[in-house]
Amino acid sequence: MIDIPATLDPDSGIALRYAVTPPHDGDPLWSSAVELHPVEGFEGIVGSPAAAGSAGAGGAADAGAARAGGPASAGTATATAPDTAGPGTDVCDLPLSARFAGASGASRVDALLRGAGEAVERRALHPSAAHPARFGAAAGLAATTLYAHHPDHALSHPDAETAALSWYEARDLDTGVPVLVPADLVDWPARRADLFDPSPSGAAAGASHETALAAAMIEVTERDALTVAWGRLLRLPTYVPSPADTGLSAMWRRARAEGLDPVLARIPTAVPGLWCMTGFLIDPEGPGALAAVGMKASTRPAEAAAKAFQEAWQVRAALRALRGQGETGRVAPIVTEHDRLSHMLTRPAYDSVRDWVAGFREPDPLPAPSPARDLGAEEIRRALTADGAGLLAVDLTPRLPSAVAAMGWHVVKVLAPGYQSLRMDETHRWSWHLPRLASAPERTGCAAGLDDPREAAPHPLP
């Protein structure tokens with residue numbers, strides 16, 4: 001049976017320490033912050049020239065940990081890896097999201113539960129001797145690789161197909177056949193940021209393999225939906241809370257009372273019954289104005305909406321914490337997590353979100369809360385497969401410390417080579433899945449405001 005305090009106990013091998021902080025200073029949510037056990041044997045990230053000197057700080061959850069007064073406090077620096085990559089290469093700092101996890105929630109229990117799940121997930125993304133990789137170039141492996149199995153993906157630079165890489169065995173979720181995938185699409189931190197655009201997205205922890213797999217598939221659905229909608233500036237349908245939904249209505253009123261403009265939009269997906277909701281909290285126009293974005297998908301519209309707003313509050317608190325630490329924001333090439341957060345403090349970032357939202361459809365009332373069942377992994381798999389996702393799954397449970405696995409925790413990483421992945425490094429032009437973006441208006445029924453996604457502003461999802 002899963003035991004949250006035992007999961008986060010330092011002896012479990014997941015966390016070194018953790019903290020939980022109640023709502024304060026304009027932040028209506030509880031927050032948790034978890035410092036993970038170190039990444040074993042990590043020697044640095046080989047990056048592009050644009051990555052040199054990058055701050056390499058963490059994402060929204062990690063900045064949320066900073067405001068919690070926990071492990072990622074304002075004085076915490078990034079861990080700089082030694083330069084072992086050889087002459088002529090650039091080694092970036094270790095991302096804080098590989099060192100810390102964190103989450104926000106409506107209650108202490110909610111924040112701690114979500115933070116523990118994210119900590120287990122992030123720990124399982126660390127490379128591990130318990131999950132050995134194969135090494136070599138794709139052509140010499142005598143096995144089916146991603147490049148032969150799904151050649152039309154946008155998950156790596158074209159040179160990766162002939163490079164000597166580390167590989168893990170994944171399973172095709174449609175046929176069950178094994179497929180070797182580059183380790184740099186699985187591990188976080190990853191080694192080869194020059195050939196890949198690695199991120200922790202697509203991994204999920206759960207109390208069973210099926211629940212972890214379902215959550216991971218929903219996450220790749222969310223990331224595809226948001227990145228495509230942003231890249232084409234889709235004119236999304238919007239909603240206001242149902243009067244019967246007192247919880248969401250209270251959150252809406254709280255935003256308005258603080259002078260914010262709350263906006264709730266739905267991004268259509270291929271999964272029947274799934275509400276992929278995006279929440280926006282937008283300051284009035286003026287110096288230092290912020291626009292924060294969060295998202296969540298669920299079969300329960302009101303639940304998805306509330307959690308999307310929770311994530312937007314979390315991002316807003318992270319941005320305010322950075323500004324409180326003296327960060328003023330800068331418009332520069334976005335390579336790291338910190339680059340994106342810094343960009344989001346700027347006026348161009350605010351304008352890009354505000355202008356997109358201004359083109360959305362007029363709002364309808366959100367369906368009132370009602371009983372709804374969760375979607376099973378098989379239902380989600382069928383829908384995404386029919387939509388061309390090309391799902392591949394890697395079971396990361398063997399990487400977990402034995403005591404944590406014995407409680408019942410499972411972790412799965414899902415890759416969707418037929419979908420658009422969340423872009424971390426905006427300098428990688430090859431990471432746009434252009435056919436996927438081209439079909440967006442027809443698939444979603446939403447008109448597009450931008451023809452070429454390569455002309456889009458940096459997306460606002462840290």
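Helix H6 (residues 246-257) packs against helix H7 (residues 301-324) at an angle of about 30°, with their axes 10 Å apart; axes here are lines fitted to C-alpha atoms, for helices over the stretch in contact, and angles run from 0 to 180 degrees between N-to-C directions. H6 is therefore roughly parallel to H7, a label that covers angles under 35 degrees, while those over 145 count as roughly antiparallel, 65 to 115 as roughly perpendicular and the rest as oblique. Helices (H or I, at least four residues) and strands (E, at least two) are DSSP runs, numbered from the N terminus.

This is a predicted model, in which local features need pLDDT of at least 70 and side-chain atom pairs count only at pLDDT 80 or more, whereas totals for chains, interfaces and linings use all residues. Residues are numbered from 1 along each chain as its sequence is written, and side-chain values use heavy atoms, with hydrogens and water left out.

The residues in contact, meaning heavy atoms within 4.5 Å, are set out below.

| H6 and H7 | H6: Leu-248, Met-251, Trp-252, Arg-254, Ala-255 | H7: Ala-305, Ala-306, Phe-309, Gln-310, Trp-313 |

By class, the contact of H6 with H7 has eight nonpolar residues, one polar and one charged, and that of H5 with H10 has seven nonpolar, one polar and two charged; Ala, Val, Leu, Ile, Met, Phe, Trp, Tyr, Cys and Pro count as nonpolar, Asp, Glu, Lys and Arg as charged, and the others, Gly among them, as polar.

The structure holds four cavities of 30 Å³ or more. Helix H5 (209-232) and strand E16 (410-415) each give two or more residues to the lining of the largest cavity, and that lining divides into eleven nonpolar, six polar and four charged residues.

As for the backbone, a cis peptide bond with omega of about 10° joins Trp-188 and Pro-189, and Pro-189 lies in the loop between strand E8 (178-182) and strand E9 (203-206). Ala-142, although not a glycine, has a positive phi of about 55°.

Definitions and conventions. 1 Å grid on protein atoms, 1.4 Å probe; cavity = no way out; pocket = protein on both sides within 12 Å on 5 of 7 lines; lining within 4 Å. Points joined across faces, edges and corners; volume = space filled by probe spheres on them.
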